[in-house]
Amino acid sequence: MTNSTAMKKISRRAVITGSVGMVGLTAAGGTAWALDRFLIEHADVTSASDYEGLPGTQSGGTTANISSSADDGVIDGLSYTSSDRSITITAHSSGSGDSALAWYVADVRLGDATFLASAFAKDTFGTNIIDTPSSILSQVGGLFAVNGDYYGFRDTGIVIRNGVAFRDEPARQGLAIMRDGSMVSYDETATSAARLIADGAWHTLSFGPTLVDGGVVVPGIDEVEVDTNFGNHSIQGRQPRTGIGMIEPNHFLVIVADGRSPGYSTGTTMTDFAGLFTDLGAQVAYNLDGGGSSAMVFNGALVNNPLGRGKERGTSDILWIGR
């Protein structure tokens, strides 16, 4: 694929008008708008993985490290160790009844931050394009994954993945995972995708809020709203959650807390979720998409129990690590 072809793909919106399968909705007025905005797939960049490798799309470096590893990796239960990366997953629980909480911690150490990769559902960047995390992970041949920020639910935010800018519409508090293995919380409206890439951003995530900064829980996070559109107005209360944090450069924490399942796990508040990160020494942590989207996958199997149903929900993107 040539660079000019890729630019045509990113500038031309292809609308995929498949069957919606909703009873009682008519394609008129506000209903038609809602169908188009929240249900019908809109593809801005197809073959996103090919696009990432085109000349001129990246600022230094390549994506070659995404799946590279010495051929010495060993899987032992919920852990993986090789000479250049390790993943150790532990299960935790507390309380009972209405106060029960179950959560899963992945302690990740990488020889290079670019071993932490991102992938889009159907290898396509756009809106309303979804697949389950395990399916996306299988397609890229990875070992470990969690859901990302569900960028495809919205049309704002700065979206940089694998060192490539896909969207530059500043709107909220974002997180940058840098090529040097550090994580930085930042105000999207004070910068740009080009500036972030020039400064070494490998990924940006646009959901939030920032949970931990400078090793302490950020105050007031239980009142934050990340969007004002219907369907994602509030992230408050006790909810299933996914977050990512950094203890030190190239030493990350990924935590998934289950919820909305009385007797098993009712979920956690934003502040308590942040406390799970600080208890483990995180200096920075950021909230990703949650609810039924919260999922952790390892070695082909779902680790957590979303909504107590043992079933994944489709999402637009994952963060993943290969062998």
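Tutor: Helices (H or I, at least four residues) and strands (E, at least two) are DSSP runs, numbered from the N terminus. This is a predicted model, in which local features need pLDDT of at least 70 and side-chain atom pairs count only at pLDDT 80 or more, while totals for chains, interfaces and linings use all residues. Residues are numbered from 1 along each chain as its sequence is written, and side-chain values use heavy atoms, with hydrogens and water left out.

Student: Which residue just after α6 takes a positive phi?

Tutor: Glycine 281 does, with a phi of about 90°.

Student: And which residues of helix α6 are buried?

Tutor: Buried means under 20% relative accessible area, exposed over 50%, and partly exposed in between (1.4 Å probe, protein chains only). In α6, residues 270-279, the buried ones are Met270, Phe273, Ala274, Gly275, Leu276 and Phe277.

Student: What covers the buried residues of α6?

Tutor: The cover includes β6, β15 (210-213), β16 (216-217), β17 (241-248), β18 (251-257) and β19 (284-287).

Student: Turning to the largest nonpolar core, which members touch the most others?

Tutor: A nonpolar core is a set of buried Ala, Val, Leu, Ile, Met, Phe, Trp, Tyr and Cys residues joined through side-chain atoms within 4.5 Å. The largest one has 48 residues, and Phe144, Leu211, Ile244, Phe277 and Met296 touch the most other members. Strand β6 (residues 101-110) gives the most to this core, with seven residues. Apart from it lies another core of 11 residues, among them Ala117, Ala119, Ile318 and Trp320.

Student: What is phenylalanine 144 in contact with, leaving aside neighbours within four places in sequence?

Tutor: Contact means heavy atoms within 4.5 Å. The partners of phenylalanine 144 beyond those neighbours include Ile87, Ala106, Val254, Met296, Leu319 and Trp320.

Student: How many residues of β22 are buried?

Tutor: Five of the five residues of β22 (317-321) are buried, so the strand is largely enclosed by the rest of the structure. Asp317, Leu319 and Ile321 lie on one side, Ile318 and Trp320 on the other, and both faces are covered. In a regular strand the side chains alternate between the two faces of the sheet.

Student: Which strands are joined to β22 by bridges?

Tutor: Two strands pair if DSSP finds at least two bridges between them. Strand β7 (residues 116-120) runs antiparallel to β22 and is joined to it by five bridges, and β9 (residues 144-147), also antiparallel to β22, is joined by four. Tryptophan 320 is the bridge partner of alanine 117 and of alanine 145.

Student: What is the strand order in the open sheet of three strands?

Tutor: The order is β13-β12-β14, with antiparallel pairing. The edge strands are β13 and β14 (201-205), each pairing on one side only. Four bridges join β12 (residues 173-178) to β14, and alanine 176 has threonine 204 as its bridge partner there.

Student: Is alanine 190 buried or exposed?

Tutor: Alanine 190 counts as exposed, at 64% relative accessibility. Its place is in the loop between β13 (183-187) and α5 (193-198).
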